[in-house]
Amino acid sequence: MLNTIKEEDKMPEYDEETKRLIEVADEARRKFEDADNKLRELENEINAIKKYLELDLGPQEEFSALKGQCFEYTEREYTYILCPFDKTSQKPKGGGIETSLGVWGHWYGPEEDKYDAMKYENGQGCWNGPSRSCHVNLHCGAENALTGASEPSRCEYQFEFTTPARCSEPEPTLSSDIHEEL
Ligand code: MAN
């Protein structure tokens, strides 16, 4: 008789007071879990905002429009993907797994013009070599566009990206100066 529980092994019925206390405890536990989940959500949100605020989006925040967007460039073998301030990747043109070429690292231009280039690093490990990384050169252009991608050295990639954010502002004209003085 495997499935029958002997009368003396059954759990005794709790008395009313104990049942009430268990209900109160269950309710308190539910409320704690709800509050704890909410706290975790808020912490994630705060971290995302902090990360965003820490980003250097240019002296006039001119690169902020690129955040949250992705750009593609397709050559003979691969489609290359750049999601500025996030990641770079490569996927075979005919379909297949996407390979990470690196995640956002830092600005990489020369000291006097650091917004000239970006570095993405710690991409997928290269067989018998370093992890993949990507150097993105920025150029002034009317459109935000990925215009070139190459692999100058094995697992070290180079992208060319044009953006109006790299075009210098026109000098204020004399007439507008005069206008302001009036
Ligand atoms: C893949 C691609 C190439 C890379 C080789 C290295 O085929 O990511 O770009 O050169 O791996 O093994």
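I take buried to mean under 20% relative accessible area, exposed to mean over 50%, and partly exposed to cover what lies in between, with a 1.4 Å probe and protein chains only.

**Entry 1: the model**

I am working from a predicted model, in which local features need pLDDT of at least 70 and side-chain atom pairs count only at pLDDT 80 or more, while totals for chains, interfaces and linings use all residues. Residues are numbered from 1 along each chain as its sequence is written, and side-chain values use heavy atoms, with hydrogens and water left out.

**Entry 2: disulfides**

I searched the whole structure for disulfides, taken as pairs of cysteine sulfur atoms within 2.5 Å, and the search found 3. With bonded cysteines counted along the chain, the pattern of the links is 1-2, 3-5, 4-6.

I looked up Cys 70 and Cys 83, whose sulfur atoms are 2.1 Å apart in a disulfide. This pair links distant parts of the chain, with Cys 70 in the loop between helix 1 (16-54) and strand 1 (71-74) and Cys 83 in strand 2 (residues 78-83), 13 residues apart; helices (H or I, at least four residues) and strands (E, at least two) are DSSP runs, numbered from the N terminus. The torsion about the S-S bond of Cys 70 and Cys 83 is about 105°, so I note the disulfide as right-handed. Cys 70 counts as partly exposed at 48% relative accessibility, whereas Cys 83 counts as buried at 2%.

I then turned to Cys 126 and Cys 155, which are joined by a disulfide with an S to S distance of 2.0 Å. Cys 126 sits in the loop between strand 5 (117-121) and strand 6 (133-140), and Cys 155 in the loop between strand 7 (145-153) and strand 8 (156-163), so that the pair links distant parts of the chain, 29 residues apart. The S-S torsion of Cys 126 and Cys 155 is about 70°, so this disulfide is right-handed. Cys 126 is buried at 6% relative accessibility, and Cys 155 is buried with a relative accessible area of 3%.

I also checked Cys 140 and Cys 167, a disulfide with its sulfur atoms 2.1 Å apart. Here Cys 140 in strand 6 is linked to Cys 167 in the loop between strand 8 and helix 2 (174-181), distant parts of the chain 27 residues apart. The link is right-handed, with 95° about the S-S bond. Cys 140 is partly exposed at 48%, and Cys 167 counts as partly exposed at 29%.

**Entry 3: Lys 119**

I located Lys 119 in strand 5 and asked which side chain of opposite charge is nearest to Lys 119. Glu 121 is the one, 5.9 Å away, and Lys 119 is buried yet has no salt bridge, a term I use for a side-chain nitrogen of Lys or Arg within 4 Å of a carboxyl oxygen of Asp or Glu. Lys and Arg count as positive and Asp and Glu as negative, while His and the chain ends are not counted. Leaving aside neighbours within four places in sequence, Lys 119 is in contact (heavy atoms within 4.5 Å) with residues including Trp 104, His 106, Tyr 108 and Cys 134. Cys 134 is buried, with a relative accessible area of 0%.
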